[in-house]
2 protein chains.
Amino acid sequence: MESKKYTLEQEQIARFAKAMGHPARMAILEFLARQDCCFFGDIHEELPIAKATVSQHLKELKEAGLIQGEIEAPKVKYCINRENWKIASMLFSNFFGQCVCKRESCCE
Amino acid sequence: MESKKYTLEQEQIARFAKAMGHPARMAILEFLARQDCCFFGDIHEELPIAKATVSQHLKELKEAGLIQGEIEAPKVKYCINRENWKIASMLFSNFFGQCVCKRESCCE
DNA sequence: AATATTGTTCGTAATTTTACGAACTCAAAA
DNA sequence: TTTTGAGTTCGTAAAATTACGAACAATATT
């Protein structure tokens, strides 16, 4: 079965979805989305987990492309990655919009 | 740190996202979304993985509430779970819509 | 130069995920 | 009643995820 693989879109949206697939990472994303940017410490304060774990989650979000971080003095500032946020937004929107139940307008 | 947990919304969207966090499951969802319903065999044909694995992925999608399956003679028919699809659609839409970069309309 | 402060990285353990073949179930057909 | 067809479940192995404390960087402050 070498032939049938997944489409790039499927891989891409799965990648975003996987990054969003943990409540801590959703909390981080929501927190960042509401204020655009903030420091590691602010994020850590919001979460019930150790800083090492927060750092790990941030790394995954960064690798998925949903956020970005830059060093600022002794602190690190994290922000939403706007380009990719837009792409993700589109992918999910298209994905949910494609269901037959939307086309048949049976869901409202 | 017993106090700070995650919100139900965060748990909920993370649950959906996690289910969508694998290309095979995205492929299944897209396939189902396009035709509303179909049999296990049709899904299996679309994917480059063993039937046991397909079955496992279907189980996870079912447990996340995104699809539902019902036995029909010797076959099993799988469909999108429309109620939850709608809920997921809303959750993701609200989530991506909340970013400051949307409110500032800097993304278009 | 010594010392905080702020995060990251390392090492590690426990759990979950992913994947497969083999064995199994269960209804329908022969 | 045996057999076939369609899927699920089981057992299992390899890999990835999640979480933590301890150790480590790197910059500011004293």
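Before I use the word axis, let me say that copies are superposed by least squares on the C-alpha atoms of residues with pLDDT of at least 70 in both. What you see is a predicted model, in which local features need pLDDT of at least 70 and side-chain atom pairs count only at pLDDT 80 or more, while totals for chains, interfaces and linings use all residues. Residues are numbered from 1 along each chain as its sequence is written, chains are lettered from A in the order in which they are written, and side-chain values use heavy atoms, with hydrogens and water left out.

With a turn of 180° and a shift of 0.0 Å along the axis, chain A can be laid on chain B at an RMSD of 0.0 Å, and that is the relation of a two-fold axis. The residue of chain A that comes closest to this rotation axis is A17(A), at 2.4 Å, taken at C-alpha.

Turning to the interface, 47 residues of chain A are in contact with 47 residues of chain B, where contact means heavy atoms within 4.5 Å. Because 100% of the interface residues of chain A are also interface residues in chain B, the copies meet through the same surface.

Between them, the two chains bury about 4,300 Å², 66% of it on carbon and sulfur atoms; buried area here is the accessible area, with a 1.4 Å probe, that two parts lose on being put together, summed over both. Across this interface the rule finds zero salt bridges, a salt bridge being a side-chain nitrogen of Lys or Arg within 4 Å of a carboxyl oxygen of Asp or Glu.
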